[in-house]
Amino acid sequence: MTTLSIYNPATGAKITDLPADDAASVAAKARAAHAAQAAWAAQPLAERRACIDRFRQGIVRDLEQLAATMTRETGKPIKMSRNELNGLLGRLDFFNGLVEPTMATETVYDEAGMKERIEHVPLGVIGNISAWNYPWFVGCNVIVPALLTGNAVLYKPSEFATMTGLEIGRLLHEAGVPKDVFTTLVGAGDVGAALLEQNIAGLFFTGSYATGARIARGVGSRFIKLQLELGGKDPTYVCDDADPKTAAESLADGAMYNTGQSCCSVERIYVHEKIHDAFVEAFVQTVKGFKAGDPMSDETYIGAITRAPQLDVLDAQVADAKAKGATLLAGGARLPGPGNWFAPTVFSNVERHALRPYGGRVHAGFSTRTGAAVASQRRQPLLELLRPREPAPAVERLWRFGRGADAVHLRHTGLHAATRLAPALVSER
C-alpha cells in the first residue's frame with residue numbers, strides 16, 4: 001500500500017505517513033457508496049438533520065484539537081483556525097435550517113383532477129475535491145448540503161489538509177452518518193483522477209484554474225452535475241472621501257489574513273490620488289506590524305506558506321516587479337529558518353494610469369486586466385500587493401444568509417467593511 005507523507009509547513013518536519021488510496025480502493029469505495037446511498041436517502045429528513053446537529057456538537061467539543069490539527073498541517077495561525085471552525089457553526093445552522101423548506105414538494109398546478117408537482121430527489125453519489133486554505137469551511141459547503149439531501153459523498157481533501165479531512169469523516173461517522181455514505185479519500189492528484197473515473201452523479205471541485213479545466217474536459221461530456229470554484233483577481237478601489245488609516249487597516253487585513261491564502265483576498269488596490277500618500281503610509285505601517293512566527297501562538301498573524309513550491313513563485317514575482325520599476329515598500333524576501341516563510345510584501349507605483357469610466361481595459365503594470373467602472377478619467381497611483389496566492393474557491397456570499405454578517409464571515413468571504421474590520425476590531429471568538 002502506498003502512503004501520503006504529511007509535513008508541517010512551519011517547520012518542515014514530517015508529521016505522519018498516512019495509508020493512501022489507489023485506483024482500486026477508490027473504485028471499491030465508490031461501489032460501497034452506491035450500495036449505501038439509497039438507504040441513507042430513505043432516512044427521514046429529521047434523522048439526517050439530527051446527524052448534522054451531532055456533527056456540530058462534535059466540532060464544538062473538539063474545537064481546540066481540530067484547530068491544532070489544521071494549523072499543524074496548513075501553517076494557518078491558530079486564531080484563524082479557530083475562527084474558521086467557529087464561523088462554520090453558523091454555516092451548519094444555515095444549511096440545517098434551510099434544507100426542509102428547500103426540499104419541500106411544491107404543487108404548481110391543481111385543477112380538474114390533475115396535479116403537477118415539483119419534487120427534489122438526491123443526485124446519488126457525489127464527488128468532492130476540496131481545497132487546503134479553508135478545509136472545513138470549503139469542504140462542508142458541499143458535504144453538508146449533499147448529506148442533508150440524501151446523497152452519499154466521496155470526499156477527496158487536498159493532500160495539504162488530509163488530516164482535517166479525516167477528522168471531518170470521524171465526526172460525521174460519530175454523529176451517525178454511515179461509513180460508506182461519507183468516505184474520505186487519501187492521496188494526491190492521482191487519487192483525484194481516480195475519483196473522476198467513478199460512476200458519480202456530481203463533481204464539485206475547489207482549486208486551481210488549470211486543474212479545473214482538466215476536470216471540465218474529463219467529465220463535461222458525461223452531463224453530470226459539475227461545479228468548479230476556481231481562481232480570480234480581486235481588486236479594490238479607495239475613494240477620495242475614505243479615511244486613509246481605516247481603509248488601510250481594513251485592506252491590509254483583507255490582503256494578508258490567513259497569510260494571504262484566502263479565497264477572496266484583496267490582491268490589488270487602486271487609490272485616489274488625493275489620499276494616496278496617506279493611505280500608503282498607513283498601509284505599510286499596518287503590514288509591518290503584522291507578527292510572523294509560530295502558527296500555534298495566539299500572537300501570530302502571519303503564518304507559514306502552506307505549499308513549499310509557492311516560495312519560488314513569490315521570488316519570481318518580486319523579481320518581475322522590480323524589473324518593471326515597482327517600488328518595494330515592505331517585505332520582498334523569504335524569512336529565515338526552516339519551513340515555508342515569506343515576508344508580507346507590498347509594491348507601489350507600479351504604473352500611473354487612467355481608470356476609464358466604462359468597463360474597458362485597465363493597464364496595471366504587470367499585465368493588462370479587465371477593469372470595472374470605478375472612477376471618472378483621472379490618473380490614479382496603483383498599490384500592488386504581492387501575496388502567496390494559490391487560486392482558491394469562492395464561498396457562499398453573505399446575502400444568501402438572510403442575516404447580518406459577523407466579522408468571521410466577512411473575513412472569510414473577503415467583504416471587508418472598513419469600519420468593522422480594522423484588525424483591532426475583529427472579534428477573535
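Start by selecting N128: leaving aside its neighbours within four places in sequence, it is in contact (heavy atoms within 4.5 Å) with G139, V142, I143, V153, L154, Y155, K156, L195, L203 and F204. N128 sits in strand β5, residues 125-129. Helices (H or I, at least four residues) and strands (E, at least two) are DSSP runs, numbered from the N terminus. Is N128 buried or exposed? With 1% relative accessibility, N128 counts as buried. Buried means under 20% relative accessible area, exposed means over 50%, and partly exposed is in between, using a 1.4 Å probe and protein chains only.

A quick word on what's on your screen. This is a predicted model, where local features need pLDDT of at least 70 and side-chain atom pairs count only at pLDDT 80 or more, while totals for chains, interfaces and linings use all residues. Residues are numbered from 1 along each chain as its sequence is written, and side-chain values use heavy atoms, with hydrogens and water left out.

**Zoom out**

Show the whole protein chain as a cartoon, and you have twelve helices and 18 strands to look at. Of its 429 residues, 53% count as buried. Take the contacts in the chain with a separation of 6 or more: 69% of them are between residues 24 or more positions apart. Accessible areas come from the Shrake-Rupley method with a 1.4 Å probe; for residues, only the protein chains shown count as cover.

**Helix α2**

Next, select residues 45-61, which make up helix α2. This helix has 17 residues and reaches 24 Å from its first C-alpha to its last, close to the 24 Å expected at 1.5 Å a residue. The expected span is 1.5 Å times one less than the number of residues. Colour L45, R48, A50, C51, I52, F55, G58 and I59, which are the buried residues of α2. What do they pack against? Their partners are α1 (23-42), α3 (63-74), α4, α5 (135-148) and α6 (162-174).

Stay on L45 for a moment. L45 and L148 are 103 residues apart in sequence, but 7.2 Å apart in space, C-alpha to C-alpha. Not counting residues up to four places away in sequence, L45 touches V99, E100 and L148.

Now hop over to N96 in helix α4, residues 78-103. N96 is buried, with a relative accessible area of 6%. Beyond residues up to four places away in sequence, N96 touches R49, I52, D53 and L148.

**Salt bridges**

Side chains of opposite charge can pair when their charged atoms come close. A salt bridge is a side-chain nitrogen of Lys or Arg within 4 Å of a carboxyl oxygen of Asp or Glu. How many are there in the whole structure? A search finds 19 salt bridges.

Select R170 and D62, whose side chains meet in a salt bridge at 3.1 Å, N to O. R170 lies in helix α6 and D62 in the loop between α2 and α3, so the pair ties together parts that are 108 residues apart in sequence. R170 is partly exposed at 26% relative accessibility, whereas D62 is buried at 11%.

Then try E84 and K76, a salt bridge at 2.5 Å, N to O. E84 is buried, with a relative accessible area of 3%, and K76 is buried at 2%. For a contrasting stop, pick R117 and E119, whose side chains meet at 3.7 Å, N to O. Here R117 is exposed at 52% relative accessibility, and E119 is partly exposed at 48%.

**A nonpolar patch**

Select V108, Y109, M114 and I118, which form a nonpolar patch on the surface with about 340 Å² of accessible area together. Patches are made of residues with over 30% relative accessible area and no salt bridge; like charges are joined within 9 Å, and nonpolar side chains (Val, Leu, Ile, Met, Phe, Trp, Tyr) within 5 Å. Strands β3 (106-111) and β4 (114-118) each supply at least two residues of the patch. I118, in strand β4, is partly exposed, with a relative accessible area of 39%.

**Last stop: cysteines**

How many disulfides does the structure hold? There are zero, where a disulfide is a pair of cysteine sulfur atoms within 2.5 Å. Select C264 to see one cysteine that is in no disulfide: the nearest cysteine sulfur, that of C263, is 5.7 Å away. C264 is buried at 10% relative accessibility.
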